[in-house]
Amino acid sequence: MADQPGGDKKAPHKKLGARHKARRRAVDLLFEAEARDIDPADLLDDRVQLAAKDDTVAPVNPYTRTLVEGVADDLDRVDGAIESYLQDWMLQRLPAVDRAILRVAVWELFHAADVPPVVAVDEAVELAKELSTDDSPGFVNGVLGRVVEVAPQVRAAAAATRAVPRPDGEV
């Protein structure tokens with residue numbers, strides 16, 4: 001096994017793609033917004049503006065924006081889904097980072113048609129390994145394993161709702 005940069009002799013790990021980095025930043029922003037008790041979309045806008053003014057601040061990936069805005073817009077449904085699959089736990093008792101990870105993953109399972117469910121779950125588990133406790137990856141995997149079962153119905157219901165004609169005749 002070749003040495004990795006910095007002299008580490010860890011087992012090789014997969015290269016982190018742009019979507020993984022976008023998910024991680026979304027988790028960071030959701031975590032920060034909750035800790036500061038501010039709207040995640042407002043925090044996101046602040047970061048976008050800061051990146052535009054200061055070239056030492058990383059620009060916000062479009063997928064990070066999609067995730068943060070999506071979670072913020074659908075927070076009640078996302079949190080309700082998570083809570084319904086917690087066994088003997090309340091959402092507010094979870095570590096804040098686990099809440100943020102679960103929110104991103106559940107939003108993807110419900111709304112990101114271009115993300116296979118197995119990818120959403122694997123990415124969430126990986127983020128839990130990187131950012132949370134030793135018990136978190138298994139916990140996140142267990143909760144999301146149950147959410148995956150209902151995700152197709154939620155996606156279908158959302159698609160049907162979008163396809164229903166409005167009173168003005170528009171779809």
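A helix axis is a line fitted to C-alpha atoms over the stretch in contact, and the angle between two axes runs from 0 to 180 degrees between N-to-C directions. With that in hand, let's work through this predicted model together.

**Exercise 1. Get your bearings.** How many helices and strands are there in the protein chain?

*Solution.* Start with the count: the protein chain has 7 helices and 0 strands. Next, follow the sequence, and the pattern reads α-α-α-α-α-α-α. Then turn to burial: 36% of the 171 residues count as buried. Finally, look at contacts with a separation of 6 or more: 65% of them come from residues 24 or more positions apart.

**Exercise 2. Describe a helix pair.** At roughly what angle do the axes of helix H5 and helix H6 cross?

*Solution.* First find the two elements: H5 covers residues 96-111 and H6 covers residues 117-131. Their axes come within 9 Å and cross at roughly 170 degrees. Now apply the cut-off: angles over 145 degrees count as roughly antiparallel, so H5 is roughly antiparallel to H6. Which residues make the contact? On the H5 side they are Val97, Ile101, Ala105, Glu108 and Leu109, and on the H6 side Pro117, Ala120, Ala124, Leu127, Ala128 and Leu131. Sorted by class, this contact has 10 nonpolar, no polar and 1 charged residues.

**Exercise 3. Follow Arg23.** Which residue forms a salt bridge with Arg23, its closest N and O atoms being 3.0 Å apart?

*Solution.* The partner at 3.0 Å is Glu108. Arg23 sits in helix H1 (residues 18-36) and Glu108 in helix H5, so this pair ties together parts 85 residues apart in sequence. Both Arg23 and Glu108 are buried. Now take another partner: Glu123 meets Arg23 in a salt bridge at 3.7 Å, N to O. Glu123 belongs to helix H6 and Arg23 to helix H1, so the two tie together parts 100 residues apart in sequence. Glu123 and Arg23 are both buried.

**Exercise 4. Compare the next residue.** Is Arg24 buried or partly exposed?

*Solution.* Begin with its salt bridge: Arg24 pairs with Glu130, with the closest N and O atoms 2.9 Å apart. Arg24 is in helix H1 and Glu130 in helix H6, 106 residues apart. Then check the cut-off: buried means under 20% relative accessible area. Arg24 has 33% relative accessibility, so it counts as partly exposed. Glu130, at 29%, is partly exposed too.

**Exercise 5. Widen the view.** How many salt bridges does the structure hold?

*Solution.* The total is 12 salt bridges. To finish, find the network of salt bridges that links Glu34, Asp79, Arg99 and Arg103.

Methods. Residues numbered from 1 in each chain as written. Predicted model: local features only at pLDDT ≥ 70, side-chain atom pairs only at ≥ 80, totals over all residues. Heavy atoms only, no water. Helix = DSSP H or I, 4+ residues; strand = E, 2+ residues; numbered from the N terminus. Parallel < 35°, antiparallel > 145°, perpendicular 65-115°, else oblique. Contact = heavy atoms within 4.5 Å. Nonpolar A, V, L, I, M, F, W, Y, C, P; charged D, E, K, R; others polar. Buried < 20%, exposed > 50% of the residue type's maximum accessible area, 1.4 Å probe, protein only. Salt bridge = Lys/Arg side-chain N within 4 Å of Asp/Glu carboxyl O.
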